[in-house]
Amino acid sequence: MTEQEKNEFAKANPLGETLASPSRYDPTILYPIPRAPARANIAWETAGEVFGFDHWQAFELSWLNSQGKPQVAIADLFFQLDSPAIVESKSLKLYLNSFNAERFDSPESLAAVIAEDLGRASSSAVTVLLHELRQYRETQLSQWQQPAQEAVCLDDYEMDAEVKPLDASILNFESAADEIEKVWVSDLFRSNCPVTNQPDWASIEIRATGIEIDPGSLLSYLCSFRNHQGYHEECAERIYCALQQHCAPQSLSVSMNYLRRGGLDINVYRGSQPLNYAVKKARSVRQ
């Protein structure tokens with residue numbers, strides 16, 4: 001994308017504007033962003049068959065019941081990997097705030113409206129689940145209590161500070177004869193919004209079989225995104241493609257859980273095997 005295109009895009013994108021919260025329900029606020037341009041820059045078609053989804057959690061959802069009493073819930077929003085577009089995050093926040101003064105007979109009726117509007121914006125089916133706060137707390141607690149699989153924490157290793165941005169050739173790996181799944185995790189990932197250049201922080205988990213990656217080289221590659229401007233989904237797919245192309249694992253999955261901003265957190269899951277919504281991670285201490 002040229003600088004001129006970036007500037008034109010920023011003018012149209014609500015993320016680059018100061019906008020008042022809507023006073024009434026308004027689905028036209030939603031701003032779709034096509035996936036194709038970002039994927040064209042990372043040779044997405046060479047990654048083979050990829051599975052996954054984008055999981056958004058919305059923590060600032062409120063509406064009125066039929067008697068006018070305020071209601072609150074936490075929303076799970078699941079976008080399909082093959083949706084032609086994603087939805088810009090600030091437009092989604094404003095859209096959800098547009099329900100604050102609207103009345104609905106039930107949470108299910110609100111969820112149906114949100115699913116229809118997001119489906120239209122992304123040109124694909126979107127699954128919407130609303131949770132009462134008590135229900136959400138109980139679900140999270142049960143997930144936190146599950147024993148975590150042993151993983152290599154990349155943050156304990158030294159890194160090459162001179163690595164070029166997004167240079168996957170830094171990855172030092174070797175093939176592994178066993179089929180034991182290796183797991184690497186890090187809380188040091190940072191990229192930047194392509195419109196505002198504000199930082200986006202994430203925790204990342206990489207799972208693979210058939211390869212063993214030197215932790216320092218993997219950390220060096222991930223930290224080379226520190227000044228990269230890219231949407232969450234593009235960063236996850238770029239990392240996935242790099243690992244596929246340079247390391248050729250037998251199986252691979254990349255999970256990125258971004259910190260909450262504006263009442264929304266975005267979580268991206270990509271893998272070489274079919275994934276369902278049950279694999280989504282519980283919120284970590286950072287989120």
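This is a predicted model: local features need pLDDT of at least 70, side-chain atom pairs count only at pLDDT 80 or more; totals for chains, interfaces and linings use all residues.

Me: Start with H4. How many residues does it have, and how far does it reach?

Reply: Helix H4 covers residues 107-122, which is 16 residues, and reaches 22 Å from first C-alpha to last. That is close to the 22 Å expected at 1.5 Å a residue. The expected span is 1.5 Å times one less than the number of residues. Helices here are DSSP runs (H or I, at least four residues), strands are runs of E with at least two, and both are numbered from the N terminus.

Me: Which residues of H4 are buried?

Reply: Leu110, Ala111, Ile114, Ala115, Asp117, Leu118, Gly119, Ala121 and Ser122. Buried means under 20% relative accessible area, exposed means over 50%, and partly exposed is in between (1.4 Å probe, protein chains only).

Me: What do they pack against?

Reply: Strands S1 (32-34), S2 (51-64), S3 (70-80), S4 (85-87) and S5 (126-131), plus helix H3 (89-97). Contact means heavy atoms within 4.5 Å.

Me: And just after H4?

Reply: Ser123 comes there, with a positive phi of about 60°.

Me: Switching topic. How many salt bridges are there?

Reply: The count comes to 13 salt bridges. The rule asks for a side-chain nitrogen of Lys or Arg within 4 Å of a carboxyl oxygen of Asp or Glu.

Me: Give me one. What does Asp54 pair with?

Reply: Asp54 forms a salt bridge with Arg35, and the closest N and O atoms are 2.7 Å apart. Asp54 lies in strand S2 and Arg35 in the loop between S1 and helix H2 (36-40), so the pair ties together parts 19 residues apart in sequence. Asp54 and Arg35 are buried.

Me: What about Glu181?

Reply: Glu181 forms a salt bridge with Arg207, with the closest N and O atoms 2.8 Å apart. Glu181 sits in the loop between strand S7 (173-175) and strand S8 (182-192), and Arg207 in strand S9 (residues 199-209), so this pair ties together parts 26 residues apart in sequence. Glu181 is partly exposed at 32% relative accessible area, while Arg207 counts as buried at 19%.

Me: Which residue does Glu205 bridge to?

Reply: Arg207, with the closest N and O atoms 2.8 Å apart. Glu205 is buried. Elsewhere, salt bridges that share partners join Arg35, Arg39, Asp54, Glu237 and Arg270 into one network.

Me: Now S11. Is it mostly covered or mostly open?

Reply: Mostly covered: strand S11 (residues 251-258) has 8 of its 8 residues buried. Ser251, Ser253, Ser255 and Asn257 point one way, and Leu252, Val254, Met256 and Tyr258 the other.

Me: Which strands does it pair with?

Reply: S9 and S11 run antiparallel and are joined by 8 bridges. S11 also pairs with strand S12 (residues 264-271) in the antiparallel sense, over 5 bridges. Two strands pair if DSSP finds at least two bridges between them. Met256 has Val268 in S12 as its bridge partner. The hairpin of S11 and S12 has 5 residues between the strands, and Gly262 there takes a positive phi near 60°.

Me: How is H6 covered?

Reply: Helix H6 (residues 215-223) has 9 of its 9 residues buried. What covers them includes strand S6 (152-153), S8, S9, strand S10 (211-213) and helix H7 (232-247).

Me: Last one. Which residues touch the most others in the largest nonpolar core?

Reply: Leu92, Ile114, Ile206, Ile239 and Leu243, out of 60 residues. The largest share of this core, 8 residues, comes from H7. A nonpolar core is a set of buried Ala, Val, Leu, Ile, Met, Phe, Trp, Tyr and Cys residues joined through side-chain atoms within 4.5 Å. Beyond neighbours within four places in sequence, Ile239 is in contact with Phe189, Ile204, Ile206, Tyr221, Leu222, Phe225, Val254 and Met256.

Terms used
Residues are numbered from 1 along each chain as its sequence is written. Side-chain values use heavy atoms; hydrogens and water are left out.
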